[in-house]
Structures are given as structure tokens and as C-alpha cells.
Amino acid sequence: MKSQILFLLFFSFTTITTFGQSIFGNIIDSKTKQPIPFANVFLESTTIGTQTNLEGKFEIKKAKTGNFTIVVSMVGYLTYTKDIVISDNNLEINVNLVENIKALKEVKVISRSWESFYKIFEKDFLGSDYNKNEVKILNKEVIDFDYDDSSKVISAKSIEPIIIENNNLGYKIYYSLDNFARNKKQIFVRGYVRFELQNVEDVGQNKRFIKNRLNAYTGSLRHFLKSLINNNLKEQGFEVEYILPDTARAIFFKGENIKKKVIINDIISIISEKSNLFEIKLKYPIMINFQGRYGRLQKSSITQLSQIIVNKDGGLLNPYSIETQNSMSDRRIPQLLPLDYEYEIQDNRPKDLSGIPQILSNIQSTPKEIVDIEGIAPYQLAGETMSLVANVFERDTKTISENQTPLYVELIENSKGILLDRYIVKIENGLGSFKIKIPDDLKSNMYQIRAYTNWMKNFSEGNFFVKNFTIFSKYYKEEIKVSKPISKIDTVLIFPEGGHLVEELTNKVVGLVLDNFDRPMFEKVILIDSKNDTLSVCYSDSSGIFQFEIEPKQSFNYRILCQNKTFLLTKSQRKTPIISLGNLLKKDFLPLIIRNNQQSISRDSLSVSVTQNGEIIFWKSFLNDREMIIFNLPKQFLTRKSECMLINNKGELLSYRLIDNEDSNDPITILANDKKALLTTPFFKDTGISDLIYTQEKGLTFTGQILTKNRTTNKKSINLSMVLSSVEADTSKGSKKTFFTQGTNNFKFENIEFTGKKLMTFVANNNVIELDTVFETPKIKPRNLSADWNLLTRKNELNRIDSIAFSLPKQSNNVILEEIIVKSKKIELDQFGSVPDEVISQRRIDTFYDGKLLIANIMRFSCLTFRQSVKVFIDNRPIDSGQYEFIFVNSIEKIFILKDSNAFMYNCDCAILMKTRDARSKKNEAYIVRGYVNE
């Protein structure tokens, strides 16, 4: 029988739900009462943590709510732990660290047997099922061993955390070893672990990490306990049976089966509904079979040693309450995942988000917005100012959005697809007002107002607010004489039922005919094939909508003829099923049909889901093994528009259908509403959950890269300062705001608010800053839309536009349309963005033999009036007063003194900046950026 192994960190108890508030406090020495800088403060077995600053203070922002163990560790001190509950309120924790006197007195002696003990430790600690090239202990020299000859017990300890690099799962693990002991039968490991996410170099590596983490989670103890609590063991791939007393050896060595089944309801009881705690009672040891990858059967057993308490996420409160053997006990550090790792393996329970494929569950749980802008008239005159009001609603509930989010509004010229201007509107309580000044040199044409939030860029552009309108130039009288206000066809939009055409199946297709003024047209529509044979002839209605059916053949191309234009249908697919609706006029239920051709039939498990206002009202998993599968949806639940999705077992969207079941007894109205419903494309079409790269902004967000002077990747974390000031090369002028962050290769400043244009200056010692594109513009598609001259056929409209033209300022001779700043404009400054108030040369510095005296002299003569707010920096690294005497005077090359506004970027009244001999100065980077539109 394999050895038993217990990992305290692996079974640590936690409940993770939503984001809570901040955890903050002070870490001090218990004897000296002095602050302890650079102490590690983290939530045990998670990626959540930080370090104390020079004053011994720390803050963990936006920690997830739930039960955690907070750990404070520092070399030379005893590790501090405390069980905490994070709620919606801020949590203050102050810790007095006790000096580890025993550790400080011990001197490490490496004997000849150290290597042999380390090999035993490495095998027991890491196991054998891992790639040694990807999982390595980086500092094995910190481990000490002891051996008791009488008991044959090997023990190990480590003053510093053991650092394990796991390139298979993408983590660096810091393991504070509390105890390790092993004999011939048993291995005992206890410690506290902190996870650190590795930087992802490319998309391929990120996908590999996601896949490997899922494999590590699948079949693990946490996966089993979570499935046990949720009562979906079978759906998750587990089979559980009792091991009767006299047959334990027969199960694992002779393969005999026991028919004694475990009744889940008999062994689980709820301890606390508020904390989501459950107790598990096992009469006998249980055998667990799990069908792993490649059909391999994994066997494990669990024996109860004391009271077993778990939470809803599979967290085990007391790791010593069970004994695991075989597969689950073989999982060691290389398969270890942080407790804030979240993934839900698919099960088959309807109406339960935990069983829905991941893409669907995330989309349903994430708010979406609808943007509407009021005040856009059918036409405007060049030079006019448009007063507009923006409204933002929640997509599902149609209620006012509570998010305080920036709204990006763009003025676009349709014919060339050119962005003319951009405005950032601040939305509060779902409302924002702003004005757009129309350039006075625009030609008469069709223009567009487009609006979206940052989050909406995750999905298809069909969800943006778009409004086309005409702008007439000041010379409209000359233009109207040569222009013919004739409506002609511009485009035909095609919408197949289910989202795509499938060969050898009858496909329902709905289309929309639009003219050169972007208005619906009543026109004759002809469908022809590759042989120029006419397949269908129909007419669009007053809404420009038409409908026909087509059965595509392999290698055939299909076209639509309308007036004198030809439009090509999208190429049909062969191996994808279609989701469609049956008889819409049935009173009690609506047939939902999954249709396949011979190529798309498979024995794969698919899921069909119907959602309404973001809630799942129907969900079913089925085997895709027939040409037609029908589900009858009760119409009593289809009270309004519903979204129907067909999804495979990977969470990928295969087919989409909007159902419009508004209350009506009129067959014509029902059929007309269904045509309009088919014009709606899925808002997340072709978008996987991993593609949601744009955040829900609360303010402006700026991102960029931190590079070395040679423009290579940084390996160390860099302290980065950013100053926001007036648009001038001298940052000492005007009001300023300073922001701070840390980063290795990338940085992000979030929730920044300002109006108009500003100068953004970065300060990063010995590094180069590159600001990314400030506003990423979604693709603009040119459309050949003409100015609608029919709007000026009425006399009163001509009189109105004449009066507007007369009141506008006269147009200058040479007006050049100012281009919007899409790529940020870089400004070169000197080292500090302004001239230092004082420079102390090396000659004066050399007159001092002690750093403490040097600083005291500078404070006395250079910062006399700023004694209460003085900061000292060496190569842009802040130091406190306790470190002054350790400054090597002969290494200082030059000292700069910044006062008043010049010192503002350093958050003080007087900044003493000391530059060492081998440090090379680098000019700060500065960029012009735009904020909210200013009324």
C-alpha cells in the first residue's frame, strides 16, 4: 500500500464568493516595537498577498469575501497565522512578530548525507508524477535535515520559504515549511503556501496553462468534495462505494467489486447555511473511481479519522480529519492549485449555473449595457453644435445602469470610414450630457454617431449604438443643383436562421434591403445559384425585410440580385448543426428543433439553453446522434424575447436563435415579429470567455510597458510614478496629480478622472516607458451612403437651414480638419520634467564622511522651510531616516534638490534625489492624453 501523505496547504479551508473590502494593518517587532519592512502578508494557499512598506504598513485591496487564513512571514521571525472572515467591511490586522531566536542561533552544517536526505525529501515533497524540467526547487540550500536513528524518522525544516517554480501550471510557489517528517509507512507535510502568477509570454502559453490547471483540478480531492456537496458525483465522473471492513485489500489488489453504494443524503448534513459549512460522516472508508484523461481509471480511498467539515467549494477545514490513499495521495506540489483558482466542470443539471458550460455561465452572470443617445436630428449643418444626452441601460433588465463608466462617442464619415472626432462622456446614474461641434469644412454627406463602453468592445460591434444622419455643407445650395436626390439600393444584409447556412438542409434566411440613405427599401429580390438558375423570387416589405428558404449544395455559390447590384451569400458549412423553430402558431408550446445533415451527426454531448433577462428558463444536455431532435418549450414561460443557444461540451457557441413571443393572437403579427427577431445576431458571437479582455471601467484606464534602457524585458518589479499635469513641457506649471504603481513588464493606471487634454509624465529609474494606444478604436467599415437631399424639399426646412447658416461664423479659407489623437503623442522632457532648484556637486559631497551628516547638512541649508515634508531618494528609490548612516558617500555622484511644485511628483515639499556613479540618467517619458469632454 502506498504511503499516506497529508498537505495542510492542499486541504486548507476557505469560502470564496464575491469581492470584499481591503485588509490593512501594521507589522512591528514584538520587542523593539519598530516597523518591519518587506514582510510577506498573504492569504494562505492563494495568489492574494503583498509586502509591507518601509513603515511596516500593508494593504490588500479588493480581497474576496469568505473564510481565510492570513499569514505573515519574515526571515528571522516566527510565522504568524490567523483565521479571518472577510466581509463587505474593511478589516484591520496589526501583528507583533516574535523573533525566532532558535533559528538565529543555529548554524547550518551540511554533512555527507545531506544530498541523500534531500533526494528522499524531494521525492516525497514533489512526488514522481511530474516533469522535472518544468518543476524545480530553486533554493534547496535553505532546507536542513535531521534523522532519528531509533525511530527511523527523517525530518526537515527551513528558516526561509522554499521557492518552487512550476512552469507547467504557471505559478511560482513560496512554501513556508512548518514540519516535515517521514518513516517507512507515513509522510507528514505541513506548511503555508503563497502562489505567484507567472508572466504569460504569448497566447499559446496561456492556453497551455489553462489546460494544465484544469487537468490538475480534475479528479482532485477538492473536485471530489465539491461534487459531493453539490450532489453531482456521477455527472462529474465520480463513482463512490463503501469499503467493507474485510475486503479492503481485495478492492485494490484483486479487483473485486462491492455493491454497497453510498447514499449521499445520508452522509452529508448542513452545519451552517450562512457560512456554507457541511459535515460529512463516513461509516466505512470509501472507494472513489474517477474516469480520467484518455479513459484511464483513477482509484482513491478516503478514511475518516475525525469530524470532517467542508465548505461549498470543496475546502476541507481540518486536513487531519481524513486519510487519503492511492491517486489522490499521489497528487503533490506539482499538481497544487491556489484556492482562488475557479473552474466549474460541466454537469447535467438543468437550471443550475454550476452545470452550464463556462462560456454561457460567465455571459449570463456579467452585466451588459445598451447605449441610447438622444438629440440626433435627421440632418445638421456644418459648423453647428449638437447638444446630446446619452443613456446607458442594463441589457437584460432594461433598467438604468448603476456603473459610473466612460462612454466613448465618435463622429464618423461613412463613405471613407474615417474617424473625425472622439468624445469621452462621463456616465453617472445611467446619464451623461455633452456637445459635439461639427467641423465647418465638411462636405454634404451621410455621417454617423457611434457610441460604446470599454466592456462592449468584448462583443460584436452590432451591439454598439449607431445612428446615421446627414450633414449639409455651407455650400449646400451649389451642391443641391448638381445632386439628384434619388433613393437607390446600397446594401442587402443576410441573416440565416441559426447564424449560418448548412449544406443539405433547408435553411430559413431573412434579409434586409437598405438604400443609400440607410433607409429600408421595398424591392424585388432574386436568389440565383452558381449556374445562374433562379431559385427564389420575393419582395421586401415596408420595413425592408424579406424571407426565403434555400438548401445549399456543396461547392455551390449563391447570390442575391436586387436592382442592378449583386450580393454574395456567406459560404455554407458542412459539420455544424442548426437550431431553429417549428410551428410558431401553436398555442401551448413552441417546438425547438436541432437539425443535422449526415456530416454534422455525432455522438458528442451538446447543450441547448434558453435564457430570458439573463436567467436560464430551459436547459438540456443531449446526445447529438439523430438528424432531428425536438424540444417542446411551454409558451407560458416565454413571456418576452428569449435567447436560445446551442453549445458543445467545450463551451463553444454552435448556433443561436432569438425567440420573440410577445403576446399576440394575430398570425401575421407573430410571423412578422419572428422575421425581425432573425435580424438579431448574438451579442457574443465568435467570442470565447477567454477573449473578454476589456474591463468594466469606472474611470479612465491607461496601460503601457516598462522596458529596460536596451528595450528588453524587465525581470524585477519597478516602482513607477505618473504625474498628470497641464499640457506644457514644464511639469512644474499648473496643478498636478501623482499616481504610483508597481510592475515588471506591464503597468495599468485605473479610475483616473480629468477633463480636456493633459500631460502624462512617467518617472521610472533606469527604465523606458511606452504608453499603449490610449483609446483603441474598433474597426470602422466604409459605407457608400449619400446625403439625403429629400430632407430639404420642404420650404420651411430650407428657410430653417438658411437662418442657421447666416448665424454661424464665416468659414476661413484654409481650414484643416484636426485629426483625433488615437496613438498617444510623446513629449520629450529633461530628467525631472523641469529644472532642479539646486544641484550639489561631487566636490561638496566629498567633504562629508558620513551619509547621516550629509543629509543633515542638506536639510539644514537647502530644505530649511520644508523640514516637515522631506523625502530622500537614491536612484529614485525612497529610503527612510534609519538608513541614512548606511549611505556610502563616495558612491554618490550628484544630488538634485526639488522644492515646492517641482517636488510634487515625489509627494513631498522637498525631494533630495541622490544619483550614484554607475546609475545612468534617463529622460522621463511624457504623453498628451485626453480625458472627459468638458462642457
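Q: Which residues of α10 are buried?
A: They are Ile670, Asn673, Asp674, Ala677 and Leu678. Buried means under 20% relative accessible area, exposed means over 50%, and partly exposed is in between (1.4 Å probe, protein chains only).

Q: Where do they sit around the axis of α10?
A: On the same side of α10, because they cover an arc of only 140 degrees around the axis. That arc is taken from the directions from the helix axis to the C-beta atoms.

Q: What kind of model is this?
A: This is a predicted model, where local features need pLDDT of at least 70, side-chain atom pairs count only at pLDDT 80 or more, and totals for chains, interfaces and linings use all residues. Residues are numbered from 1 along each chain as its sequence is written, and side-chain values use heavy atoms, with hydrogens and water left out.

Q: What span should α10 have, and how far apart are its end C-alpha atoms?
A: Helix α10 covers residues 667-678, which is 12 residues. At 1.5 Å a residue it should span 16 Å, and its end C-alpha atoms are 17 Å apart, which agrees. The expected span is 1.5 Å times one less than the number of residues. Helices (H or I, at least four residues) and strands (E, at least two) are DSSP runs, numbered from the N terminus.

Q: OK, what about α2? Which of its residues are buried?
A: Trp114, Phe117, Tyr118, Phe121, Asp124, Phe125 and Leu126 are buried in α2. They lie on the same side of α2, because their arc around the axis is only 165 degrees.

Q: Which residues are exposed on the other side of α2?
A: Lys119 and Lys123 are exposed there.

Q: Why do helix residues point the same way in places?
A: An α-helix has 3.6 residues a turn, so residues three or four places apart point the same way.

Q: How far apart are the end C-alpha atoms of α2?
A: They are 18 Å apart. The 13 residues of α2 (114-126) should span 18 Å, so that agrees. Just after α2, glycine 127 takes a positive phi of about 80 degrees.

Q: New topic. How many salt bridges does the structure hold?
A: It holds 18 salt bridges. A salt bridge is a side-chain nitrogen of Lys or Arg within 4 Å of a carboxyl oxygen of Asp or Glu.

Q: What does glutamate 410 form with arginine 422?
A: A salt bridge, with the closest N and O atoms 2.9 Å apart. Glutamate 410 is in strand β26 (residues 406-413) and arginine 422 is in strand β27 (residues 418-426), so the pair ties together parts that are 12 residues apart in sequence.

Q: Is glutamate 410 buried or exposed?
A: Glutamate 410 is buried, because its relative accessible area is 0%. Arginine 422 is buried too, at 4%.

Q: Where do arginine 450 and glutamate 410 meet?
A: Their side chains meet in a salt bridge, 2.8 Å from N to O. Arginine 450 lies in strand β29 (residues 445-452) and glutamate 410 in β26, so this pair ties together parts that are 40 residues apart in sequence. Arginine 450 is buried at 5% relative accessible area.

Q: What about arginine 519 and aspartate 788? How far apart are their closest N and O atoms?
A: They are 3.0 Å apart, in a salt bridge. The pair links distant parts of the chain, 269 residues apart. Arginine 519 is in the loop between β32 (507-515) and β33 (524-528), and aspartate 788 is in the loop between β50 (767-771) and α11 (795-807). Arginine 519 is partly exposed at 30%, while aspartate 788 is buried at 7%.

Q: Which residues are linked in a network of salt bridges?
A: Glu497, Lys508, Arg657 and Asp674.

Q: Strands now. How many bridges join β11 to β12?
A: There are 6, and the strands run antiparallel. Strand β11 is residues 143-148 and β12 is residues 153-158. Two strands pair if DSSP finds at least two bridges between them.

Q: Where does lysine 152 take a positive phi?
A: In the hairpin of β11 and β12, which has 4 residues between the strands; the phi is near 60 degrees.
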